[in-house]
Amino acid sequence: MRITTWNVNSIKQRLPHLLAFLAEARPDVVCLQELKCQDEAFPRADIEAAGYTVETLGQKAYNGVALLVREPLTLSEIRRGLPGDASDEQARYIEALISGAETHPVRVASIYLPNGNPVDSPKYGYKLAFMERLRLHARALLQDEIAVVLAGDYNVIPEPADAADPEAWRSDALFLGTTRAAFRALLAEGYTDALRACDPRDGLYTFWDYQAGCWQRNAGIRIDHVLLSPQAGDRLVSASVQKHLRGLDKPSDHVPVTVELTAG
């Protein structure tokens with residue numbers, strides 16, 4: 001089972017790139033973030049025509065997450081929204097149980113974690129509160145003792161090796177010590193950073209800003225992560241970054257990250 005996460009930074013703008021990726025890579029599950037559209041505006045018909053079932057949690061102009069599942073795999077037990085705060089209206093979390101006749105079930109979540117900047121605003125408090133809610137929910141998911149995959153744009157640079165220029169990010173919400181500690185606390189619940197488990201090299205980035213020639217200078221950061229429960233970690237075959245998609249015409253500023261799991 002191949003599971004991809006990708007912040008497309010507007011599904012309307014990036015639909016041709018997404019459809020080409022689906023045809024070329026044929027991932028079994030795709031976790032999308034930053035759709036920037038409401039559910040009724042999502043290009044469902046185009047993606048269904050490519051052989052995928054679609055579940056979305058959209059929001060006008062901002063945020064938005066989706067799960068795409070390649071037939072004949074099916075989705076069930078769909079959860080829209082992260083537990084822990086009934087007043088939170090931001091579309092940042094969708095989760096489902098993915099099943100198939102020839103593979104053991106996997107619970108997959110698509111996550112768009114808050115950016116948190118500026119740090120001296122309520123946005124950073126919201127980011128940390130969201131991370132704590134995610135930690136508690138991630139812990140609860142382990143109780144079912146099935147494979148869990150928490151994939152998405154975490155807006156967290158875990159370590160200095162995950163940035164081309166760590167000093168430039170020292171005071172940023174993505175790299176503050178409190179942010180990184182919250183991410184480590186999530187991992188400490190029993191989750192594995194899939195990409196780092198497969199490839200410990202420096203220079204693995206998933207985001208390059210549109211400004212200041214960041215792509216041309218390879219001034220990137222790694223903020224898109226796939227976290228695996230112990231049951232999913234035992235099935236891990238490979239993890240990779242599809243960096244070449246950043247070089248397309250009118251690309252997203254993020255690129256996909258894909259993990260491959262055994263059937264069970």
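Which helix holds Gln216? Gln216 sits in helix 6, residues 214-217. This is a predicted model, in which local features need pLDDT of at least 70, side-chain atom pairs count only at pLDDT 80 or more, and totals for chains, interfaces and linings use all residues. Residues are numbered from 1 along each chain as its sequence is written, and side-chain values use heavy atoms, with hydrogens and water left out. Helices (H or I, at least four residues) and strands (E, at least two) are DSSP runs, numbered from the N terminus.

- An open sheet is built from six strands in the order 5-6-7-8-10-9, with mixed pairing. Two strands pair if DSSP finds at least two bridges between them.
- Strand 5 (74-80) and strand 9 (192-193) are the edges; each has a single partner strand, so one side of each is left without a neighbour in the sheet.
- Strand 8 (residues 147-153) and strand 10 (residues 224-228) run antiparallel, joined by five bridges. Asp153 has Asp224 of strand 10 as its bridge partner.

**Helices on the sheet**

- Helix 3 (residues 122-141) packs on the sheet and touches strand 5, strand 6 (93-100), strand 7 (103-112) and strand 8. Contact means heavy atoms within 4.5 Å.
- The direction of helix 3 makes about 25° with that of strand 6. Axes are lines fitted to C-alpha atoms, for helices over the stretch in contact, and angles run from 0 to 180 degrees between N-to-C directions.
- Helix 4 (residues 177-188) also packs on the sheet, touching strand 9 and strand 10. Its direction makes about 25° with that of strand 10.

**Nonpolar cores**

- The largest nonpolar core has 30 residues. Such a core is a set of buried Ala, Val, Leu, Ile, Met, Phe, Trp, Tyr and Cys residues joined through side-chain atoms within 4.5 Å.
- Ile3, Ile98, Val108, Val149 and Val226 have the most contacts inside this largest core.
- Among the elements that give it two or more residues are strand 2 (29-33), strand 4 (65-70), helix 5 (194-198) and strand 12 (257-261).
- Beyond four places away in sequence, Val108 touches residues including Ile3, Val29, Cys31, Leu67 and Val149.
- Another core, of 21 residues, lies apart from the largest one. Ala109, Met131, Leu134 and Leu227 are among its members.

**Gln216**

- Gln216 counts as exposed, at 65% relative accessibility. Buried means under 20% relative accessible area, exposed over 50%, partly exposed in between (1.4 Å probe, protein chains only).
- Gln216 and Gly233 are 17 residues apart along the chain, and their C-alpha atoms are separated by 34 Å.

**Cysteines**

- The count of disulfides is zero. A disulfide is a pair of cysteine sulfur atoms within 2.5 Å.
- The sulfur of Cys37 has its closest cysteine sulfur in Cys31, 16 Å away and too far for a bond. Cys37 is buried, at 4% relative accessible area.
- For the sulfur of Cys198, the closest cysteine sulfur is also in Cys31, at 17 Å, too far for a bond. Cys198 is partly exposed, at 33%.

**Aromatic pairs**

- There are five aromatic pairs. Rings of Phe, Tyr and Trp (its six-membered ring) pair if their centres lie within 6.5 Å; planes under 30 degrees apart count as stacked, over 60 as edge-to-face and the rest as tilted.
- Tyr126 and Phe130 form an edge-to-face pair, because their ring centres are 6.2 Å apart and their planes are at 65°. Both lie in helix 3, four residues apart, and both are buried.
- Tyr205 and Trp208 are edge-to-face too, with centres 6.5 Å apart and planes at 80°. Both are buried.
- Ring pairs link Tyr205, Trp208 and Trp215 into a cluster.
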